Amino acid sequence: MKRILVFLFCSAALCLSQESRTGADLGRDLDEIARVATAMVDGDACRRIVTKRALEFMDKKDSGDPWIGADNFDVHHEPYIQVKKTLMRLAKLAPFPVDVNLWMPVEGMEGRIQVLIRNKHEMSQFWRWGALQQELFPPMKTVLEEARRVTVTEKPGWVSVLAPVHDSLGDVVGLVEVVSRTEWDAQKNVK
Amino acid sequence: MDPGGAILEADRIPGDAGRVLTRGARGGYVSLRLVARLARPGPYSLDVQWSDAGLESDLFREWFHWTEPEKRYYPDALIPVKTPYRSELPEPDNRIPKQSAQSFWMDVWIPATARPGMYRGAVRLEADGATVTRPIELTALPAVVPGQEAVTMDHNSYGSSWIGGLYPAARARGGERFFESDEFFSLIHSYHRLFHEHGGVFHQLGYGHGGKVGLEYAPELAGTGRNKRVKSWRLYDRHYGPLLDGSALAGTRRGARPVPFVYLPINPEWPASFLWWGEPGYEAEFVNVVGEMERHFREKGWTQTVFEVFFNHKKRYKAFPWDGDESRFPEDNKYFHEYARLLKKAVPAGSPVNFRFRSDSSWMMERQFQELAGVVDFWVLGSSMVSWYKDAPRMLKQRGDIVWIYGGTPSVQASAAAVTFAPFQCWMWDADGYVRWLTTSPGEDPWFRFEGGDTVMAYPGERFGVEGPIPSIRLKVQRNAVQDLTLLESLGKSRGIEELRAEASRRYNGAAAEDWWPPRPEIAGMPAQEMTNTTIGENTTAVKRLEETVNAGSWVELRKWILTLAAEAR
């Protein structure tokens with residue numbers, strides 16, 4: 001009987017963890033992952049990801065070719081994979097679906113930022129589908145300028161914790177968005 | 001036809017070529033448009049009766065979609081109705097002020113076993129105390145349309161969340177478990193049935209750009225590394241079992257048969273976690289799980305379907321460092337090689353299960369034909385750029401590869417015959433099939449604020465009491481075109497396929513056979529990264545011109561000739 005009760009308790013806890021966490025619970029868990037992320041993510045590797053050519057095309061305008069930037073987006077595979085794996089490991093720290101996204105300011109484009117690595121569940125409070133680069137969001141600006149974590153709960157049911165990423169010089173070169181939702185949707189982003 | 005009974009400008013046939021041909025081959029459809037036009041608003045009834053037994057007819061009411069940009073109505077969705085059909089004008093649910101005409105699409109199915117010869121019937125319209133009768137004479141030719149289409153028309157979709165959105169009542173009934181309910185799987189199967197019945201196939205891609213897999217698209221996995229295994233086939237088998245054994249298609253006129261193609265859920269994040277990419281764990285997870293899939297499929301006898309390993313992700317969507325879809329960078333080809341190696345390791349040589357490695361290629365297709373020979377064996381090629389590589393379809397097919405083309409769907413504003421271009425183009429190019437990249441997305445309000453329908457060929461039937469999709473005029477026209485091409489190709493055994501192609505092209509849009517393969521432009525040999533959509537557009541105008549010359553009469557002329565050939569054939 002005891003075994004059964006323990007089993008039932010565990011099942012209920014898992015259910016809660018996957019489907020209906022409160023925003024406060026989520027915020028605490030994500031903040032812890034974000035804190036670890038700042039320690040673990042290699043800012044120098046992050047800076048090596050985008051190719052020079054991709055940057056050159058990123059804000060190129062061609063009236064006959066609206067996809068010229070996206071078609072020429074390219075990355076150096078080695079640092080990309082290295083950083084992505086770190087982000088994936090960080091996501092595994094939670095027993096529920098979490099994505100850890102990498103955001104980097106766009107070199108040569110003041111006030112612009114790009115998501116550079118997304119992950120399995122494609123969660124983000126900031127990324128607009130298909131955008132190569134976007135205007136720097138105020139909470140991200142805070143993270144980059146003040147080198148501190150910021151929690152964002154702008155979209156109902158979503159929690160993102162933004163945390164700084166440092167390079168070997170100690171500069172903040174980017175940030176991670178550790179993100180999840182209070183309600184899990186198994187169908188979302190299967191497309 | 002508009003709600004006032006006038007033929008839409010794009011569908012007016014030049015000259016007098018618009019004579020309705022009431023004959024057809026057996027094992028095929030003849031379609032008619034019927035218009036009930038009333039002098040004043042009020043009730044009416046429409047009935048179709050056949051004097052001779054042996055044919056089967058289906059009647060559909062045509063929905064008039066209001067399109068905001070043009071501020072006019074176009075018919076497209078087809079609502080199945082029973083005969084006699086009794087309603088009134090204006091049709092209450094279509095809400096068109098001053099509607100004075102209602103058009104209907106009638107399909108007449110001539111079974112392959114039907115007696116050749118004349119069948120007589122009549123259409124009867126009753127309104128305002130008067131009755132009008134129009135006779136129908138339909139000749140069933142001795143020729144039989146072969147069961148295997150000359151061109152596979154594929155209708156693509158992504159995931160399942162759209163089903164919940166398009167069927168709100170079913171979604172509400174199913175509650176939180178809707179996506180595991182019998183009703184949900186029945187809806188999925190109903191889409192397969194509809195497209196199958198219309199001579200085509202249906203695809204649902206079951207994973208996202210980041211690698212998240214829908215629960216019903218993959219077996220449930222457990223463990224990690226060398227211990228990663230299939231935990232449960234429960235949802236996968238409920239989804240795919242009836243499709244792969246053919247039972248989901250039972251009761252259709254084309255008959256129960258396993259679906260010919262299906263995507264696998266394989267992507268860079270499934271079944272192996274990308275966390276282990278380049279490490280032994282990746283290979284272990286991939287080989288273990290894909291090996292289990294092969295065994296499961298083999299044990300179930302699912303050996304008549306092509307299981308497609310297909311990568312849909314793009315690096316621009318920021319989840320993986322390489323392009324699986326429409327690759328543009330040569331160094332990305334190395335990933336294809338690696339997955340081919342893993343697949344070879346997972347699937348035993350000589351397996352009766354038909355795994356194929358599919359690549360949707362455009363920018364560097366010619367380079368990939370060479371570098372991925374023996375790796376990719378299912379090519380889905382960008383429709384405009386294929387015209388640069390005349391020898392490609394034949395070369396690829398000679399080495400055993402499947403060759404499809406991909407592209408979009410003409411909107412309702414185009415002529416009714418525009419939808420015939422893709423299958424005809426495929427047939428002229430000797431390609432095996434054509435993927436319409438999205439065919440289940442009708443837009444926010446297809447009924448009263450339509451966006452044109454270039455991403456839909458099957459509408460949700462729920463508002464009309466149909467628990468599944470309903471067809472469109474464009475789907476019907478496409479089906480009939482494929483049917484005619486299939487019949488024509490069967491006649492090629494005696495006449496020679498090239499001769500048939502040349503004459504068919506001349507009759508279709510006045511083009512010579514060689515016009516379908518314009519001279520290879522200089523850009524065709526350039527590195528992909530030096531191409532832009534602008535330069536591609538500038539170098540594919542010849543094929544676009546061919547499409548622009550298609551008008552409402554194009555298929556009428558061609559069909560007349562095909563049926564004449566069929567009537568003469570022995």
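View 1. A:Leu102 stands opposite A:Ile117 in strand E2 of chain A. The model is predicted: local features need pLDDT of at least 70, side-chain atom pairs count only at pLDDT 80 or more, and totals for chains, interfaces and linings use all residues. Residues are numbered from 1 along each chain as its sequence is written, and chains are lettered from A and ligands numbered from 1 in the order in which they are written. Helices (H or I, at least four residues) and strands (E, at least two) are DSSP runs numbered from the N terminus. Two strands pair if DSSP finds at least two bridges between them. E1(A) and E2(A) run antiparallel and are joined by 4 bridges. The two strands form a hairpin with 6 residues between them, and A:Gly108 in the turn has a positive phi of about 85°. On E6(A) (residues 172–181), 5 bridges connect to E1(A), again antiparallel; A:Leu175 is the bridge partner of A:Trp103.

**View 2. Burial of E1(A).** Strand E1(A) (residues 99–105) is largely enclosed by the rest of the structure, because 7 of its 7 residues are buried. A residue is buried if 20 or more other C-beta atoms lie within 10 Å of its own, exposed if 12 or fewer, and partly exposed in between, with C-beta atoms placed from the backbone. A:Asp99, A:Asn101, A:Trp103 and A:Pro105 point one way, whereas A:Val100, A:Leu102 and A:Met104 point the other way.

**View 3. The side of chain A that touches chain B.** Here 32 residues of chain A are in contact with 30 residues of chain B; contact requires C-beta atoms, placed from the backbone, within 7 Å. H6(A) gives the most to the chain A side, with 7 residues. By class, the chain A side divides into 14 nonpolar, 6 polar and 12 charged residues. Ala, Val, Leu, Ile, Met, Phe, Trp, Tyr, Cys and Pro count as nonpolar, Asp, Glu, Lys and Arg as charged, and the others, Gly among them, as polar.

**View 4. The open sheet of chain B.** Five strands lie in the order E1-E9-E8-E3-E6 (chain B), with mixed pairing. Strands E1 (23–26) and E6 (85–89) of chain B are the edge strands, each pairing on one side only. E3(B) (residues 42–50) pairs with E6(B) in the antiparallel sense over 5 bridges, and B:Ser45 has B:Arg86 in E6(B) as its bridge partner.

**View 5. Helices H11 and H14 of chain B.** The axes of H11(B) (residues 497–509) and H14(B) come within 7 Å and cross at roughly 145°. Axes are lines fitted to C-alpha atoms, for helices over the stretch in contact, and angles run from 0 to 180 degrees between N-to-C directions. B:Ala504, B:Arg507, B:Tyr508 and B:Asn509 in H11(B) meet B:Ser554, B:Glu557, B:Leu558 and B:Trp561 in H14(B). This contact has 4 nonpolar, 2 polar and 2 charged residues.

**View 6. Surroundings of B:Ala528.** B:Ala528 is in the loop between H11 and helix H12 (533–538) of chain B. B:Ala528 counts as partly exposed because it has 18 C-beta neighbours inside 10 Å. Apart from neighbours within four places in sequence, B:Ala528 is in contact with B:Arg328, B:Trp363 and B:Met364. The C-alpha atoms of B:Ala528 and B:Glu366 are separated by 9.9 Å, although these residues are 162 residues apart along the chain.

Note on methods
Two residues are in contact if their C-beta atoms, placed from the backbone, lie within 7 Å.
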